[in-house]
Amino acid sequence: MRVLLTGSSGWLGRTLGPALRAAGHRVTGLDVVASPETTIVGSVADRALVRQVIGDHAVEAVIHSAALHKPDIERFDRQAFMDVNVTGTLNLLEAGIAHGVGRFVFTSTTSLMISETIRAGAAGGARRAEWLTEDSPVQPRNIYGITKLAAEQLCRLVHREHGLPVVVLRTSRFFPEADDMAHAIAQADDNTKANELLFRRLTVEDAARAHVLALDRAPDLGFDLFIVSAPPPFSPDDAEVLIADAPAVVARYFPRYAELYARRGWTMFDSIDRVYDPSRATARLGFTCRTTFADVLAALEAETGPRF
Ligand SMILES: NC(=O)c1ccc[n+]([C@@H]2O[C@H](COP(=O)([O-])OP(=O)(O)OC[C@H]3O[C@@H](n4cnc5c(N)ncnc54)[C@H](O)[C@@H]3O)[C@@H](O)[C@H]2O)c1
């Protein structure tokens, strides 16, 4: 298929572009930043440009990953988030309808499910970890989450009114930078990412694979929305102990983890405040992350160390 990939110069885009080509697609990359993956340097907020690109390249499918995201909150005002994340998504959806695009995949975020209360976790008085599914009520805590939720709703509206197949992927974190979470600062970067694979992270390769599959499955699905994250070993019954004593729960599922961690000087988070449940993606999209916490332990056992 001829695919328009927005955000092609980004962390995800630089893995997703090659993955799409490996699956046999022809990719046009659109990004405000130039890179070898980007064909056209321009903004999704530029309505005329978006129409022109989709028309000129006879685009059959759109993967919309361009965004201002959480780290950008420091550098951009709220209007910029509205322009890029909301207007940009609307431009792509409407140009897609005008030019007969057959499918649309939108990269959303699990971050929009995290209210201030959930984020406060045990320190805020929470007595159990939040078990989050696609049906959980959402109250985004910042302009990033608010604009991503609005963009999801635009996808839903355009599907309902025009029948465009749209798959929304609420991905958890796959960024390579060090963590900014207060509770995680005690751990080194690889240690933090390993811990997060238990409940709120996936590799960028798995994120890219989910997008390629979503593109393939969109016409069968019509409209659907999935949490995409490495499968947690936990069950909702663990929620109370997870917030009070996460290492005890992890040890129940992985009896050797503490020893393998200790060899490297790693530690587990004291408390886990939320778990993203990706089981709907497994059941309906047929997608499960390849890299899990068990792989991290296997790498520690083999003394090769995990790669994030
Ligand atoms: N990184 C994560 O952990 C994470 C987690 C959940 C969801 N996401 C989502 O995944 C997507 C990709 O994230 P990423 O980590 O690769 O981020 P990134 O910042 O590396 O990539 C985003 C790309 O979008 C581009 N972009 C920004 N404004 C644009 C505009 N107006 N027009 C065209 N391009 C524009 C940027 O130049 C950048 O190359 C985003 O939609 C983000 O919200 C990321």
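1. Contact here means heavy atoms within 4.5 Å. On that basis T107 touches L12, H64, S65, K148, L169, T171 and H211, with residues up to four places away in sequence not counted. The model is predicted, and the points below should be read with that in mind.

2. T107 has its place in strand 5. Is T107 buried or exposed? Its relative accessibility is 6%, so T107 counts as buried, the limit for that class being under 20%.

3. One of its oxygen atoms lies 2.7 Å from a polar side-chain atom of Y144. For K148, an N or O atom in the side chain is 2.8 Å from an oxygen atom of the ligand. On the nitrogen side, a ligand nitrogen atom is 3.0 Å from a polar atom of V44, in this case a backbone atom. The ligand on its own has 810 Å² of accessible area, and the protein covers 90% of this.

4. D206 is a residue to check in helix 7 (residues 204-221). With a relative accessibility of 2%, D206 counts as buried.

5. How many aromatic pairs does the structure hold? There are six. In one of them, the rings of F199 and F269 have centres 6.1 Å apart and planes at 85°, which makes the pair edge-to-face, since planes over 60 degrees apart fall in that class. F199 sits in the loop between helix 6 (189-196) and helix 7, while F269 sits in the loop between helix 10 (257-264) and strand 9 (274-276), so this pair ties together parts that are 70 residues apart in sequence. F199 is buried, at a relative accessible area of 1%, and F269 is buried with a relative accessible area of 1%.

6. Another pair is formed by F254 and F293. Their ring centres are 5.0 Å apart and the planes stand at 65°, so this pair is edge-to-face. F254 belongs to the loop between helix 9 (246-253) and helix 10, and F293 to helix 12 (residues 293-301), so the pair ties together parts that are 39 residues apart in sequence. Both residues are classed as buried: F254 has a relative accessible area of 16%, and F293 has one of 2%. Ring pairs also link F254 and F293 with Y257, Y261 and W266 into a cluster.

7. P233 lies in the loop between strand 8 (223-228) and helix 8 (239-244). At 23% relative accessibility, P233 counts as partly exposed. Which residues does P233 touch, not counting those up to four places away in sequence? The partners are L198, Y253 and F254, and F254 is also a member of the aromatic cluster. P233 and L197 are 36 residues apart in sequence, with a C-alpha to C-alpha distance of 10.0 Å in space.

8. The backbone at A58 deserves a look. A58 is not a glycine, yet it has a positive phi of about 45°. The residue lies in the loop between helix 2 (47-56) and strand 4 (61-64). A58 counts as partly exposed, at 37% relative accessibility.

Terms used. Residues numbered from 1 in each chain as written. Predicted model: local features only at pLDDT ≥ 70, side-chain atom pairs only at ≥ 80, totals over all residues. Heavy atoms only, no water. Helix = DSSP H or I, 4+ residues; strand = E, 2+ residues; numbered from the N terminus. Buried < 20%, exposed > 50% of the residue type's maximum accessible area, 1.4 Å probe, protein only. Phe/Tyr/Trp six-rings, centres within 6.5 Å; stacked < 30°, edge-to-face > 60°. Polar contact = N/O pair within 3.5 Å; in protein donor to acceptor, adjacent residues only side chain to side chain. Areas by Shrake-Rupley, 256 points an atom, 1.4 Å probe, with all protein chains shown as cover.
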